[in-house]
Amino acid sequence: MKNGLIWFCRIAVGLLFIFSGLIKANDPLGFSYKLEEYFEVFHITFLNNLALTSAILLCALEMLLGFALLIGVRAVKVAWGLLLLIIFFGFLTFYSAFFKVVQTCGCFGDAIPLTPWQSFSKDMVLLVLVAVLFVNRKAIKPLFSAKTGDKWLVGAAIFSVGFGLFTYNFMPFIDFLPYKIGANIAEEMKTPPGAPQDVFELTYHLKNKKTGATKVMNDKAYLSTGIWKDANWDVVGEPENKLIKKGFEPKIRDLAIQDAQRNDYTKELLSSPYYSLIIVAYDLDKTNEEAINRLNALAINATQNFNIRTILLTSNAAPSAQAFAKAHKLVSEIFYADGVPLKTMIRSSPGLILLKNGVIVNKWHYHSVPKYDDLVKKYFQQQ
């Protein structure tokens with residue numbers, strides 16, 4: 001029975017760690033944004049430059065520990081690593097939930113969004129399983145000899161780090177974000193008629209002027225009991241408005257595209273029946289300038305030969321963006337949006353999106369943008 005329990009914990013923990021690391025490594029840039037949120041909460045923003053490296057290595061460590069546990073290599077060290085890592089994750093998720101700071105922990109990336117309390121509960125279950133393994137760490141039997149196990153471990157380490165580096169440089173294998181290929185942005189922004197709305201509850205704190213007694217009651221009880229008519233009871237402070245049931249929320253709710261004068265162009269750009277090329281560079285100060293120059297050459301050809309509308313979409317202030325465009329002789333129109341949706345649109349700076357009727361026909365990391373002739377054959381000649 002003991003051996004069976006160890007194997008159950010070993011398989012469950014190993015697979016979950018591999019899955020968790022793999023799903024985040026599918027989008028290491030997105031995970032790095034989540035790490036930056038934690039850095040801000042703990043006032044260690046000087047580590048922001050290390051966020052991406054940390055994201056790739058942390059995902060690799062999760063996968064490596066999970067794999068090592070499954071094959072039983074270096075069991076004692078792996079058990080220590082798992083215990084320390086789950087305690088660390090448990091602290092972060094508890095802190096997020098209790099102090100209501102980072103409201104999605106990023107445990108499973110954007111594939112399975114969890115609330116902080118859900119994440120903390122998951123970590124506590126994992127902590128129990130890991131504790132069983134830790135107590136019985138010397139009873140974990142390897143599947144291979146020590147030498148063979150180490151070779152497998154080296155191979156797993158190369159794969160784990162390499163996977164994160166590949167997806168960072170060439171975009172996620174699976175896009176779990178609302179701006180994935182095939183998505184209709186305008187439709188994703190809509191709230192359907194009759195969709196459930198957020199439900200809020202007012203909480204009143206009351207104090208009796210005569211007896212000093214206190215009460216806490218919600219708005220329904222406050223009205224139904226008629227206590228509001230009793231002059232002996234005073235409301236202390238402002239009533240608390242608490243969300244008790246979340247209503248429908250569109251997948252895209254924070255996208256607003258404007259020109260330099262803050263005129264809204266969202267509807268116009270998303271309703272065009274023709275192809276548009278959108279160059280997304282959420283922060284021009286951090287974007288790859290050589291890639292911008294290549295995309296500009298592509299934009300020139302597309303505009304001159306097929307009258308394709310090309311747009312540079314950024315979150316920079318207008319003077320900064322216009323100076324950048326002048327320095328790089330950009331032919332694209334410049335529009336502005338908040339940095340959060342731009343970072344969600346494409347995990348690349350710059351990145352290229354091909355849009356038609358508000359639908360994302362395709363999108364590319366700047367490392368994998370197709371040649372102009374290929375775009376012509378596949379898309380422009382057929383519009």
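The lining of the second largest cavity draws at least two residues from each of β5 (276-280), α10 (289-306) and β6, where helices (H or I, at least four residues) and strands (E, at least two) are DSSP runs numbered from the N terminus. The largest share, three residues, comes from α10, and the residues that line this cavity are L277, I279, L295, L298, A299, T310, I311 and L352. The model is predicted, so that local features need pLDDT of at least 70 and side-chain atom pairs count only at pLDDT 80 or more, while totals for chains, interfaces and linings use all residues. Residues are numbered from 1 along each chain as its sequence is written, and side-chain values use heavy atoms, with hydrogens and water left out.

A cavity, on a 1 Å grid over the protein atoms alone, is a set of points where a 1.4 Å probe fits but cannot get out, whereas a pocket is an open set with protein on both sides within 12 Å along at least five of seven lines, and lining residues have an atom within 4 Å of a point. Grid points are joined across faces, edges and corners, and a volume is the space filled by probe spheres set on the points.

Around the largest cavity, α9 (266-270), β6 (309-314) and β8 (351-356) each supply at least two residues of the lining. Its lining divides into ten nonpolar, no polar and no charged residues, where Ala, Val, Leu, Ile, Met, Phe, Trp, Tyr, Cys and Pro count as nonpolar, Asp, Glu, Lys and Arg as charged, and the others, Gly among them, as polar.

Turning to the pockets, the largest contains about 1400 Å³ of space and is lined by 47 residues, of which K34, T104, D110, L177 and T344 lie nearest its centre. Its lining comprises 20 nonpolar, eleven polar and 16 charged residues, and α2 provides the largest share, seven residues. In the second largest pocket, with about 480 Å³ of space, the largest share of the lining also comes from α2, here four residues.

T93 is buried, with a relative accessible area of 2%, buried being under 20% (1.4 Å probe, protein chains only).

How values were computed: Buried < 20%, exposed > 50% of the residue type's maximum accessible area, 1.4 Å probe, protein only.
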